[in-house]
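I opened this notebook to record what I looked up in the structure. The entries follow the order in which I made them.

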Amino acid sequence: MAPKVYDLAKLNISNRAFSESRNMLKPTAMDGTDYTGVREYVIGDPIKSIHWKLSARTEHYMTRQFESYGNTGVAILMDFQCPSWDRDSMMSVFDGVVETALSAEAYARRNGMEAELLYLNKNGGRGHYISRNDETHAELVADVPKITAEKLQKTALTLLREEGNAAYSKSNLAFITGNVTPQLPRTLMDIKARRKNPVLFVVLPNILTGEERQKYLKPLRGLDYAGIPYYVIGDAQELMGGERRVS
């Protein structure tokens, strides 16, 4: 069955974000001394950005923070890892991730933005997809992996870090997942610190309700203070009426 693509009412990847990205991003030479600050190294940072002298003094790897070149548009990253819920719930999250990604891509294109879907494919490699108005999306469906609760050597969060750190990646990054971890908000805030515009979509099954749901989503509360938009949904169709936020 072909995934559904919904006509979304509103997203925080918009023409405003498009123009803001263009104005905020400033080019810099990655091999030079022109950098804006330093922070502790995280997986996915380019090795050549490590500040070796400072790392030796602090006994921790420290990396230079550079302004990013970026290019206006949106990269939509799909995460097919989630907690070990029952099979139906995991399949619901899978459908929600794919349909939200395709709906966000369609929304971005309607607003004049370049859009691409990124993911780890069945072989664990980097998958890339542009729909080109294909209604069946057979190429994408054939390439994406099954949703899993297994620990993976490389995760979609790693891919997100790589995109956030890449000099020429899209300036707007949308991450779609059912897997909320403490590392997720930290990664998004780090991306924003690099003058890019992250937005998060969390797809949750209906079995997660009440206090259990709030506990699961607790790591996201810091995103409000960071000014990073996020959506918590059960499926992509909910976005047709606007965003649903964590209280």
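The entries below cover the basis of the model, its nonpolar core, a helix pair and aromatic pairs.

**Entry 1: basis.** I note that this is a predicted model, in which local features need pLDDT of at least 70, side-chain atom pairs count only at pLDDT 80 or more, and totals for chains, interfaces and linings use all residues. Residues are numbered from 1 along each chain as its sequence is written, and side-chain values use heavy atoms, with hydrogens and water left out.

Entry 2: Buried means under 20% relative accessible area, exposed over 50% and partly exposed in between, with a 1.4 Å probe and protein chains only. This core holds 58 residues, and Met78, Leu140, Leu200 and Leu220 touch the most other members. Helix H3 (residues 87-110) contributes the most to the core, with 10 residues. Helices (H or I, at least four residues) and strands (E, at least two) are DSSP runs, numbered from the N terminus.

I then asked which residues Leu220 is in contact with, neighbours within four places in sequence aside. They are Val180, Leu184, Leu200, Val202 and Tyr230, where contact means heavy atoms within 4.5 Å.

**Entry 3: H5 and H6.** The axes of helix H5 (residues 156-165) and helix H6 (residues 183-193) come within 10 Å and cross at roughly 10 degrees. Axes are lines fitted to C-alpha atoms, for helices over the stretch in contact, and angles run from 0 to 180 degrees between N-to-C directions. H5 is therefore roughly parallel to H6 (angles under 35 degrees count as such).

On the H5 side I found Leu157, Leu160, Arg161, Gly164 and Asn165, which meet Gln183, Leu184, Thr187, Leu188, Asp190 and Ile191 in H6. As for cover, 9 of the 10 residues of H5 are buried, including Arg161 and Glu163.

**Entry 4: aromatic pairs.** I counted 4 aromatic pairs. Rings of Phe, Tyr and Trp (its six-membered ring) pair if their centres lie within 6.5 Å; planes under 30 degrees apart count as stacked, over 60 as edge-to-face and the rest as tilted. Phe80 and Phe94 form a tilted pair, because their ring centres are 5.3 Å apart and their planes lie at 40 degrees. Phe80 is buried at 6% relative accessibility, and Phe94 is buried at 17%.

The rings of Trp85 and Tyr216 have centres 5.8 Å apart and planes at 65 degrees, so this pair is edge-to-face. Trp85 and Tyr216 are both buried.

Notes
A nonpolar core is a set of buried Ala, Val, Leu, Ile, Met, Phe, Trp, Tyr and Cys residues joined through side-chain atoms within 4.5 Å. Angles under 35 degrees count as roughly parallel, over 145 as roughly antiparallel, 65 to 115 as roughly perpendicular and the rest as oblique.
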